[in-house]
Amino acid sequence: DGYSAQKLFHQGYSYTYDDVIFLPGYIGFPVEQVDLSTKLTRNISLNIPCVSSPMDTVTESSMARAMAALGGIGIIHANIPPSDQASLVKAAKSSRFPVLSNPVFRSPSDSIISLEYFADAPCILVIDSGDCRGKLLGYVTKSGWMNLTDKETRLANYMVKSSDFAPWDCDLAKMICYFEEKAGNEFTPIVKGGEIVDVAGREDVERLRGYPRLVGGGSVDANGEWMVGAAIGTREADKERLQHLIKAGVNVVVLDSSQGNSLYQIDMIKYVKKTYPELDVIGGNVVTMYQADNLIKAGVDGLRVGMGSGSICTTQEVCAVGRGQATAVYKVSSLASQYGVPVIADGGISNSGHIVKALSLGASTVMMGSFLAGSAEAPGAYYCLSDGRRLKKYRGMGSLEAMTKGSDARYLGDTSKLKIAQGVVGAVADKGSVLKFVPYTMQAVKQGFQDLGAQSLKDAHDMTKTTLRLEVRTGAAQVEGGVHGLVSFEKKPF
Ligand code: XMP
């Protein structure tokens with residue numbers, strides 16, 4: 001009944017996730033027993049198979065911190081100067097509290113009126129020196145100062161006096177205890193190495209308490225800090241960029257290229273492995289066994305798979321190269337698994353079913369852009385449409401807009417002067433916090449694994465080589481598999 005993966009993917013067709021469907025197996029265990037822990041690279045393990053994409057509308061410090069707190073990892077984009085990218089890595093790793101909220105520092109002699117520049121900050125920390133290295137005197141809350149009529153009041157006369165702080169390694173569980181003990185405090189600064197690196201608020205703690213918990217915990221490195229990755233290119237200047245990132249404590253680097261099988265990338269892989277033998281390096285992107293083989297021989301610790309499958313990608317139309325993502329993941333994984341190199345299925349994930357498919361077809365993790373770009377943790381502010389919907393900008397790193405800002409290394413050859421777009425700019429809907437919706441997504445993935453009869457990623461990978469059966473869905477079968485035949489509830493005026 002059905003086809004084996006080996007047979008289905010050897011027919012000369014390029015299949016996307018939506019083209020294929022798995023036939024269910026036997027459920028012999030409860031869903032709680034499904035274990036989604038996995039490997040990002042040869043040496044890095046994760047508790048959930050989720051990676052946020054190195055795009056400037058997806059992964060900066062907040063996203064990287066939240067992804068690590070969830071048990072996955074974020075890869076900070078390289079569309080900024082090296083020192084700025086390193087600062088984002090450092091900020092993500094600076095505290096174990098899952099939420100990052102860049103604190104604002106003022107001195108006690110500043111007046112309330114000086115806070116008007118910081119109208120978005122929920123809390124202003126009052127420090128004797130006015131910066132992160134001084135002595136904490138107290139804080140001023142947004143709800144308080146905004147309503148104060150005498151704007152000339154000095155902060156010293158108005159602040160909530162407090163010299164309490166939490167250490168940087170205070171995770172959510174410890175922060176819950178902290179706020180229970182300090183019943184009068186609404187905020188607490190977080191201190192690392194004598195510096196105030198962040199601030200946590202009671203409201204955030206209460207909000208996080210209401211979110212579903214992930215079993216397995218966050219992704220923490222040997223120093224007890226969150227694991228954070230960063231993208232680099234393959235130019236000479238990227239060697240200097242790498243130095244900045246290493247100083248900031250980066251845990252893994254991704255060589256960010258749309259066609260990774262190149263002289264430049266192979267040289268860079270060898271350089272990184274020779275110069276920083278302890279650092280894992282992810283190569284790509286690749287979609288064929290031939291490309292993958294070259295990068296594996298050069299020494300990569302992980303492979304990023306996908307070309308033109310991303311929601312904002314136009315590479316297949318512009319350059320006539322790429323592959324359907326289901327086929328690409330299956331083919332590359334079947335080679336990479338022989339060498340113990342984990343595969344990241346990058347792009348084209350728009351629902352939990354796609355994640356189940358990517359992982360079952362051989363990937364160890366999925367990398368997501370659009371799926372995460374509408375979240376509170378993605379860079380940028382929401383904007384509102386006239387009908388009340390909230391959106392956030394999401395753009396391809398090969399869009400003209402992003403390349404104008406600097407990401408041309410990924411999409412242009414070294415000597416190219418004419419910029420050709422391989423991506424577009426768009427917007428995605430508000431999805432709330434990743435700390436809330438990713439756990440739900442993982443639960444759905446676990447249910448998919450249970451339906452297949454796979455208790456772990458290893459089980460799923462083994463099944464794909466042996467008993468798993470698949471079929472191609474016709475156009476009508478795809479329509480049938482989605483929501484269809486309903487009428488809208490919305491009342492329209494006659
Ligand atoms: P999703 O589908 O998750 O895809 O939004 C994210 C992935 O798309 C790739 N990417 C691009 N590909 N032109 C492309 O052809 C682009 O401008 C572009 N920007 C990002 C990238 O692999 C990312 O992880």
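pLDDT is the predictor's confidence in each residue, from 0 to 100.

**View 1. Confidence across the predicted model.** This structure is a predicted model. The protein chain has an average pLDDT of 92. A score of at least 70 is reached by 96% of the residues. For the complex, the predictor reports an ipTM of 0.98 and a pTM of 0.94.

**View 2. Helix α3, residues 82–93, from end to end.** Helix α3 has 12 residues. At 1.5 Å a residue, they should span 16 Å. The end C-alpha atoms lie 17 Å apart, which agrees with that expectation.

**View 3. The buried residues of α3.** Gln85, Ala86, Leu88, Val89, Ala92 and Lys93 are the buried residues of this helix. Around the axis they cover an arc of only 155°, so they sit on the same side of α3. Several elements cover these buried residues, including α2 (61–70) and α8 (237–248). Strands β5 (73–76), β11 (187–192) and β13 (229–232) are also among the covering elements.

View 4. A disulfide is a covalent bond between the sulfur atoms of two cysteines. The structure contains zero disulfides.

**View 5. Gly216 in its loop.** Gly216 belongs to the loop that runs between α7 (202–209) and β13. Its relative accessibility is 51%, so Gly216 counts as exposed. Along the chain, Gly216 and Leu46 are 170 residues apart.

Notes:
Residues are numbered from 1 along each chain as its sequence is written. This is a predicted model: local features need pLDDT of at least 70, side-chain atom pairs count only at pLDDT 80 or more; totals for chains, interfaces and linings use all residues. Side-chain values use heavy atoms; hydrogens and water are left out. Helices (H or I, at least four residues) and strands (E, at least two) are DSSP runs, numbered from the N terminus. The expected span of a helix is 1.5 Å times one less than its number of residues. Buried means under 20% relative accessible area, exposed over 50%, partly exposed in between (1.4 Å probe, protein chains only). The arc is that of the directions from the helix axis to the C-beta atoms. Contact means heavy atoms within 4.5 Å. A disulfide is a pair of cysteine sulfur atoms within 2.5 Å.
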